[in-house]
Amino acid sequence: VLSRRQGSGTFVSHHSSRISEPWHFQFLEDDGVSVLPAYPKVVARERTTQRGPWSRFLRQGRTPILRIDRTINVNDEFSAFSRFFVAGANADFMEAIPIGELHGANFRIILSEASRLPVTRIDHNVSVIQANSAHTNRPNVDKRELLLRVEISATAGGSIPMYFQELFVPRTDRK
């Protein structure tokens, strides 16, 4: 796969899995219309009892939920970080998929097809936070760095929690 950058040239891309039909993570090309390519890569997947803003939404009890961490390369310009949480049958399903198949995958589409329930509502909460290594998947983080944090909760059928996602985006001039 080749990627072209005006004024720089044509390069062989080291990415193999561009996300299809992104809803939450789109940045615009210079033309203000086209969407830049984004390449998510799973860097961790684990069951966790960790609690956070996702706990109430996913009705997290004492049973561990599944967390999938991804780095998202946007057009080789910057990288963002995502934490994706699912519970119950959705967690079991996502845990059974080989990690290699999750690189570049659109988790919303995977879960909707598996459950036969379309996502019918998406809520976003946006804030700016100070970075730490848990928000970037980088060991050395400048504590003065600010990140855009987007919390996403997705429901099906009006009240069935499908997933909760946190996106951490570094400073960029991209819309």
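Take contacts, meaning heavy atoms within 4.5 Å: of those in the chain between residues at least 6 apart in sequence, 58% join residues at least 24 apart. This is a predicted model, where local features need pLDDT of at least 70 and side-chain atom pairs count only at pLDDT 80 or more, while totals for chains, interfaces and linings use all residues. Residues are numbered from 1 along each chain as its sequence is written, and side-chain values use heavy atoms, with hydrogens and water left out.

The chain has four helices and eight strands, where helices (H or I, at least four residues) and strands (E, at least two) are DSSP runs numbered from the N terminus. The order is β-β-β-α-β-β-α-α-α-β-β-β.

Of the 175 residues, 44% are buried, that is, under 20% relative accessible area, with exposed over 50% and partly exposed in between (1.4 Å probe, protein chains only).

Now helix 4, residues 107-115. Just after the helix, Arg 116 has a positive phi of about 60°.

Last, strand 7. Leu 146 lies in this strand. Is Leu 146 buried or partly exposed? It counts as partly exposed, because its relative accessibility is 45%.
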